[in-house]
Amino acid sequence: MSGLLTALLLGGALTLPAGMLAWLAGLILQARAGQSSPALWRSARLVAILPLLLAPVLFAIPQTLPPLPALEFMDELALDRSAPAPVRDVPAVTPAAVTLPSLQTLLAAVYTIGLMASLLFALRRHYHRRHLLAHSRVADASERSLLDREAGKLGLSAPEMRLCPNAVSPFLTGWRGVIVAPERLMQSPERARHALVHELCHLRRGDERDRLLGSALTILLWFNWPLRQIECELDAAREIACDSDAVEALGRTQCKAYAATLIESMRSSAQPVSAFGPHNRRQREMRIKAILSGGQTARQSLLTAGALLFLAIPVACTQTAVTPRRVVSAPVEQIAPPVETRVMNDAAGEEITSGLELQEAEDWDASIETLDRALMDPANNAYERAVALQLRGRANYELDRIDDAIADWQAAIDTGAMLSSEVYNYRVNIAQLLIVLERFDEALAAFDIVLAGDSPATPQLTRMLAQAYGQAGRFEEGLPYAEATYQATPEDRSNQSLMLFYFQQMGMDAEASALEALIAAPVAPAATPRQKVSTSPAPVAAAAPAATPQPVAAPDLSGSIVTGRITSAYGPRPARPAGSSVFHGGTDIAASTGTAISAPGAGTVVHAEMGYNGSERWGNTVEIDHGDGWSTVYAHLDAIGVASGQSVAPGQQIGTVGTTGASTGPHVHVELHFNGERVDPAGYLAGLD
């Protein structure tokens, strides 16, 4: 439903430029033709509301999401919609977050308020009409004889006629058509005949129904000022066309007398409905001129209307380009290729090996050039193309060309040469990259494809789905996944924080309070620093680095770094972002953007700028030398608060949490180094146990 609402809001917004374009084009065509016509302004109305009409139609056309590649599980995927739960060494309870409404919700609320006001004004006009009808009486047979006679000449069944002492001009009102005339009008038979024939022509043309349709549109699109101008011009065009029909019915000899009746009627005030009455001065002059000159021919009217309808083409093209589409899953059956087909010839093997060596040297552009040559060779088989595409996708990922990485990994799957386990991983990878691009509907549809396969829903995948639904703000759909993740490992603090996030967002106060108490409970610290151990085998292509002996002696680094929650700890990861190492060399702490980051101990800043070790994937990074070979690194900062060479004291702010560089959400990546080698910061830095 959120996708359809977005499409409708976007369509409504596009009616503004479309209406302005149609109104200006209508004025130009009207000036060139010399006169107005209802067909012209009805075409302008259609162009103005076209984006709103197209929005649900375009959204209903399914956008088939093909089988997608997969990042493995992003443990550091950060949910920044809520105030972070405290890390385990902080006993205080963080209050539930006060979230701001989304732009979509805000626009919907503003539109609803305006619609209510517009309806109130419409009800006021309706009440005035009902008041006139209530103070009128049904004309008797003698009073309506003129109406019956003129209706017969026009081939109409005479409508109801009411006489009202308060009416200043005759008018036609209501969907079925009721003619209301001033009682004094019947005292002048010639004027009465002209006025009644005019209203009967309105009835025959269906002008009152067209006016009611326009009124409904201006209420619905109350914010669209150009549409109101179009309706005003259409109202005048209907009167001009009706004048032409009336003169034709009365006879051209009555042309001047009819014009005189019209001029006399224009001296009165306007009625709130179709009326033989006045408009603005320009429109009055147009009516008189059209009566005396004979008006436009039907051919001229159709030509100007057709010319304006050409505007519908660019409007429709623009609408098609920007309207979100309904995403549907369309999994393609993947048949495991025979083992004998997963071989490479010598030429392809050399190109791919060369590309892999360039990637090991982190020369990503050169690697892409080499792999491009392998992909352009028509002699290469499906397996060779699949391997080259996977590697090129990784290079594009490293270069932050996310869309290109998605395309390469999808193309690798499409070769049909990948094993089902490989397809599974790349599908999950793509789903996560779509989340990074904030294309949540596509990401969740990609997850649906993963779940539709033979592979079981692992705890990691369940957690990722909970995070994805949370990022998309679809909490009711994501709640079962969050509950399953929490129930699988209820002692895991990150799972507790995820569950708390859902409780807070869904207003489940009792459950949130109970879980906050559990999170705030102190945990006994470990006696010695411990090394994380992976329960899954590491992939052959990305083996974990050799364990670094952790020295016992260390400076005092007991100061608090940041208040947040740990989303990815130090150590081997059975799943990780595509293209990144299977071994995570630090600890990720998620917190809201702008949260202060403090130095855990005294030291000297040796690095404070964008990037680290020659790569901008680190974002804004600060490194502090604490002496005796010890240093700490803080990456993805929103702002850097220190300079290289500056001395810092324990607790001094060095920057703020952000999401710069290759980051999936606001967090700080913290590393502890000894003699240039990474060590597990847990047990050395406060709050990372």
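How many salt bridges does the structure hold? The structure holds 25, a salt bridge being a side-chain nitrogen of Lys or Arg within 4 Å of a carboxyl oxygen of Asp or Glu. The model is predicted, so local features need pLDDT of at least 70 and side-chain atom pairs count only at pLDDT 80 or more, while totals for chains, interfaces and linings use all residues. Residues are numbered from 1 along each chain as its sequence is written, and side-chain values use heavy atoms, with hydrogens and water left out.

Three of these pairs make a handy starting point. Asp148 and Arg144 join through their side chains at 2.9 Å, N to O. Here Asp148 is partly exposed, at 34% relative accessible area, whereas Arg144 is buried at 17% (buried means under 20%, exposed over 50%, and partly exposed in between, with a 1.4 Å probe and protein chains only). Glu150 pairs with Lys153, the closest N and O atoms lying 3.6 Å apart. Both belong to helix H4 (residues 145–153), where a spacing of 3 residues separates them by about one helical turn; helices are DSSP runs of H or I with at least four residues, numbered from the N terminus. Glu150 is buried at 4% relative accessibility, and Lys153 is exposed at 55%.

Asp365 and Arg401 form a salt bridge as well, with 3.4 Å between the closest N and O atoms. Asp365 sits in helix H13 (residues 364–376) and Arg401 in the loop between H14 and H15, so the pair ties together parts 36 residues apart in sequence. Asp365 is partly exposed at 40%, and so is Arg401 at 35%. Elsewhere, a network of salt bridges links Arg42, Arg45, Arg205, Asp207, Asp210, Glu231, Asp235, Arg238 and Asp245.

Helix packing comes next. The axes of H14 (residues 382–398) and H15 (residues 402–414) come within 8 Å and cross at roughly 165°; axes are lines fitted to C-alpha atoms over the stretch in contact, with angles from 0 to 180 degrees between N-to-C directions. The two helices are therefore roughly antiparallel, a label for angles over 145 degrees. Residues in contact (heavy atoms within 4.5 Å) include Leu389 and Tyr397 of H14 and Ile402 and Trp409 of H15.

The axes of H18 (residues 459–472) and H20 (residues 493–505) come within 11 Å and cross at roughly 35°. Among the residues that meet are Arg463 and Tyr469 in H18 and Leu498 and Phe501 in H20.

Key. Angles under 35 degrees count as roughly parallel, over 145 as roughly antiparallel, 65 to 115 as roughly perpendicular and the rest as oblique.
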